[in-house]
Amino acid sequence: MSAKLFKLYFKLIFSSLIFWLYLLFISGFFCLFTVCIGVTGGDYSFLLLETFVYLEVAVAIFSFCLAVYFIRQRDTLEKVCLIPETKCRAIKVVSLIIASSIICLLPLIYCSVIAVSQQVGFSYCFMTIVFYCARWLEIIILMETMGSLLGYIVKSPFIYLLVLPIVIIFSFLNQYFFQALSSIAEFPEWTKTLISIQNMYVDGMAVDYAVPRLNLLFLSKLIAILAFSTLLLYLLYFAVSKKRRASQSVCMLEGFFSERTENGTTYYSAKYGAIGDDLEKEYESSMTFDHWNYKTMTRTDEPYPSPNKVFQIYYFYDTRGYSMLFGNYMMVHHFTKY
Amino acid sequence: MMTIEDISFTYKGKRGTTVLQDINLRLDRGFTFLVGENGSGKTTLMKLMTGILDAGSGSIQIDGIPVGDMEYRKRLAYLPQVFDIYPSLKVREALNFIAGLKGVSGEEFDAQIDGIIKLTGLTLHMNKKIKQCSEGTRRRIGIASTLLGAPEVIIMDEPTAGIDPKERLAFYKTVRECFTGKTVLIATHVLSDVDYLADNVAMLKGGRLVYNGDYEAFKHSLDGRVYSLKCDVSGLYTLEEKYTVLSTKKTGDTYECHVIPLWREAAAGLEATEPNMEDVWLYYERTV
C-alpha cells in the first residue's frame with residue numbers, strides 16, 4: 001500500500017504547476033547566481049563556491065512554501081480508501097523531499113562543469129559535489145518537515161510569511177539577527193553556528209580557497225539536522241493523530257485578572273476597575289438568561305453545562321448582554337442586568 | 001452483516017464528553033438511514049465503524065471480522081460528505097489509484113474499473129480531469145469509488161448535503177441501481193432522502209439509539225395519535241401545556257400545528273390527522 005501511496009504522491013507532485021514553478025524559480029536563481037559570479041569573479045571557479053550560501057536561502061524559502069502547499073491538500077481520496085491519516089501525511093512529506101531533491105542536480109552539474117574546465121582532480125571534485133549535495137539535501141529536509149508541520153497546524157494563509165523569520169534564524173543570516181540583539185545581550189559565536197543549517201558547529205577561518213570540509217564537524221551537523229527533522233516529523237504525526245482534540249482557533253484575553261475557583265470552575269474577572277460589583281451575583285444572574293450559540297449566532301435556551309473556565313468580561317460587546325459558550329469555556333457579560 | 005455491540009465512546013480530555021452510550025445495532029442487507037440532529041453522535045459512530053476512531057470497549061464486526069482487521073477494511077467502503085479528491089487527476093486515474101490502494105490487482109483490476117465506470121455512467125467522463133466535472137458527476141465518481149474492491153458494507157456521510165433536489169434524486173437513483181444487495185448505511189438530515197430509499201432507520205439522540213428498526217414501522221409509529229389544530233401566534237406559547245407540539249405550518253396569521261395530546265381529554269374537539277415524517281422525527285427527538 002505504501003508503494004502505491006508513493007506513486008500517487010509522485011504523480012500529484014510532478015503534475016503540479018507549483019512544483020514546476022519551484023524548480024523554475026530555483027533554477028532561475030541559480031542562473032542569476034552564476035551570472036553574478038561571472039560578473040564579480042571573472043571566472044566560474046571553485047574559489048567562489050562558498051557564495052552558494054546566498055542561493056541556499058532561496059532554496060530554503062521555496063522548500064518551506066512548497067511543503068506548506070502540499071501538506072494542506074485535502075486527502076479525501078486516501079480517506080475513501082480508509083488509509084490512516086498519519087501514514088498519508090508521513091508518506092507525503094517523504095515523497096516531497098525525494099521529489100525536491102532533484103534540485104541537488106544544480107550544484108552537481110555546476111561543480112562537474114567547472115571541474116572539467118579547470119581540470120580539477122577527481123577526488124577533490126567528488127568531495128565537493130558530495131558536500132554541496134548533502135548540504136542542499138539537509139536544507140530541503142529541514143525546511144520541508146518544518147513547513148509540513150507548521151502548514152498542518154496553523155490554518156491561516158499568513159503561514160507563508162512565517163518562512164522569513166524561520167529562514168533568517170536557521171541560515172547564515174542569523175548573524176544579523178544576533179547582531180540586532182547585541183544591544184540587549186551578547187551571544188557567543190557558537191549559538192549562531194549551532195542553529196544555522198549552513199554553518200558548521202565551529203566556524204572555520206575564512207581562507208581564500210574553497211575547501212569542501214567534508215569532515216566530522218559537517219557530518220555531526222548533518223546527523224543533528226536529520227534528528228531534528230525526524231523530531232518534527234514525529235510532531236506532525238502526533239498533531240495528526242491528536243487533531244480531534246486540538247482547537248481550531250485561539251482566543252487571547254489580555255489584561256489583569258482576578259481568579260477564584262468554586263466547585264471545579266475557575267472564574268476570571270477584571271482585577272481593576274469595576275471590582276465593586278458583586279461578581280457571583282452577576283454570574284448567577286447571567287445563568288438565568290439565554291446564551292449565544294457562537295456557531296449560528298442565535299440565542300438558545302438550552303440548559304447551561306457546567307463550564308470549566310468562566311471569563312467575566314466588562315462590557316462583552318455585540319452579545320447584547322448574553323453569555324457565550326465555547327466548549328468548556330464561557331464568556332459572561334460583566335456588569336449585567338441582575 | 002455488520003454488528004455493533006455495547007459501543008460507548010467518550011472523547012478523552014480533562015472533561016471528557018460522552019458522545020455515544022450503549023449502542024447496539026445490527027445492519028442487514030438493504031438501506032439503513034442513520035438520522036439524528038447535530039451533535040447526536042452520527043459522525044462519531046461512523047468514524048468508529050470505519051476504524052478512524054477506536055472505541056476501546058464493545059465490538060464492531062462485519063461477518064465476525066473485527067474493526068481494525070485488514071479483511072474488515074476490504075469489506076467496508078466509506079464515502080465522506082465532501083468528495084473533493086485531487087482535482088488535477090483524471091477520472092480514470094483517480095479510480096485506478098483508489099482501486100490500487102484498496103488492494104484490487106491482477107486481471108480483476110481493469111475489469112472491475114471498466115464495469116464500475118459503465119455502471120455509474122462515467123464512460124464519457126473518464127478522460128476528463130476531476131476539476132472539469134460537474135457536481136453531479138463528482139458524486140457519481142464518489143459512488144464508483146465506494147464500489148471498487150467489491151465491499152459488502154457501504155457507509156455514506158450525508159452524501160446529498162449541499163446539492164439541489166434534482167441532483168439529489170439522480171444521486172439516489174444511481175445509489176439504488178449500484179448498491180442493491182449490499183449493506184448500506186447513510187447518515188442524513190434530509191427527510192425526503194429517507195422516504196426515497198430507506199428499508200430501516202436508526203435514530204440517535206444525545207448519543208443513544210432511540211429507534212432502530214423497520215422504516216415503515218417508524219413512519220407509522222404515530223398513526224392515530226396525531227391531531228391537527230389551528231391557533232394564532234399567542235396561542236403557540238400555551239400549546240405545550242397540553243400537547244407535544246410536532247410540525248407547524250404558517251398560513252397567513254394562522255398556525256396549523258400537528259400535536260399529540262398529553263392526556264386523553266386534551267384531544268377533545270381536535271381533528272385526527274395523518275402524521276408526516278417531520279412529525280415522527282420531532283416526536284422521537286423531543287420525547288423518547
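Which residues touch the most other members of the largest nonpolar core? In this predicted model, they are Phe64(A), Leu34(B), Ala94(B), Ile98(B), Ala144(B), Ile155(B) and Val201(B). The core holds 136 residues. Its largest share comes from helix α7 of chain A, residues 122-153, which gives 13 residues. A second, separate core has 9 residues, among them Tyr283(A), Phe311(A), Met330(A) and Met331(A). In soluble globular proteins, nonpolar side chains tend to be buried together.

Leu34(B) illustrates the contacts around one such core residue.

Chain B contains 10 helices and 14 strands. Its C-alpha atoms fill a box of roughly 70 × 45 × 35 Å along the principal axes. Of its 288 residues, 39% count as buried. Contacts in chain B between residues at least 6 apart in sequence were also examined. Of these, 67% join residues at least 24 apart.

The contact between the chains takes 19 residues from chain A and 24 residues from chain B. On the chain B side, two elements give two or more residues each: β6 (76-79) and α3 (91-101). Helix α3(B) provides the largest share, 5 residues. By class, this side of chain B has 13 nonpolar, 6 polar and 5 charged residues.

In chain A, helix α3 (residues 52-71) packs against helix α5 (residues 85-100). The angle is about 145°, and the axes are 11 Å apart. The crossing of α3(A) past α5(A) is right-handed. From α3(A), the contact uses Ser63(A), Leu66(A), Ala67(A), Phe70(A) and Ile71(A). From α5(A), it uses Arg89(A), Lys92(A), Leu96(A) and Ser100(A). These residues divide into 5 nonpolar, 2 polar and 2 charged.

Helix α12 of chain A spans residues 279-286. Its buried residues are Leu279(A), Glu282(A), Tyr283(A) and Ser286(A). Seen down the axis of α12(A), these buried residues fall within an arc of 100°, so they line one face of the helix. Glu280(A), Lys281(A) and Glu284(A) are exposed on the other side of α12(A). Tyr283(A), one of the buried residues, is also included in the second core.

Two loop positions in chain B were then considered. Thr120(B) lies in the loop between α4 (107-119) and α5 (135-147). Thr120(B) counts as buried because it has 22 C-beta neighbours inside 10 Å, and the cut-off for burial is 20 or more. Leaving aside neighbours within four places in sequence, Thr120(B) contacts Arg140(B), Ile143(B), Ala144(B), Thr174(B) and Cys178(B). Ala144(B), in turn, is among the residues that touch the most other members of the largest core. Thr120(B) and Val175(B) are 55 residues apart along the chain, with their C-alpha atoms separated by 9.0 Å.

Ala266(B) sits in the loop between β13 (254-261) and β14 (271-272). It is partly exposed, with 15 other C-beta atoms within 10 Å. Apart from neighbours within four places in sequence, Ala266(B) is in contact with Lys242(B), Tyr243(B) and Pro261(B). Ala266(B) and Asp6(B) are 260 residues apart in sequence. In space, they are 40 Å apart, C-alpha to C-alpha.

Technical notes: Residues are numbered from 1 along each chain as its sequence is written. Chains are lettered from A and ligands numbered from 1 in the order in which they are written. This is a predicted model: local features need pLDDT of at least 70, side-chain atom pairs count only at pLDDT 80 or more; totals for chains, interfaces and linings use all residues. Two residues are in contact if their C-beta atoms, placed from the backbone, lie within 7 Å. Helices (H or I, at least four residues) and strands (E, at least two) are DSSP runs, numbered from the N terminus. Ala, Val, Leu, Ile, Met, Phe, Trp, Tyr, Cys and Pro count as nonpolar, Asp, Glu, Lys and Arg as charged, and the others, Gly among them, as polar. A residue is buried if 20 or more other C-beta atoms lie within 10 Å of its own, exposed if 12 or fewer, and partly exposed in between; C-beta atoms are placed from the backbone. A nonpolar core is a set of buried Ala, Val, Leu, Ile, Met, Phe, Trp, Tyr and Cys residues joined through C-beta atoms within 7 Å. The arc is that of the directions from the helix axis to the C-beta atoms. Axes are lines fitted to C-alpha atoms, for helices over the stretch in contact, and angles run from 0 to 180 degrees between N-to-C directions. A crossing is left-handed if the near helix is turned anticlockwise from the far one by less than a right angle, and right-handed if clockwise.
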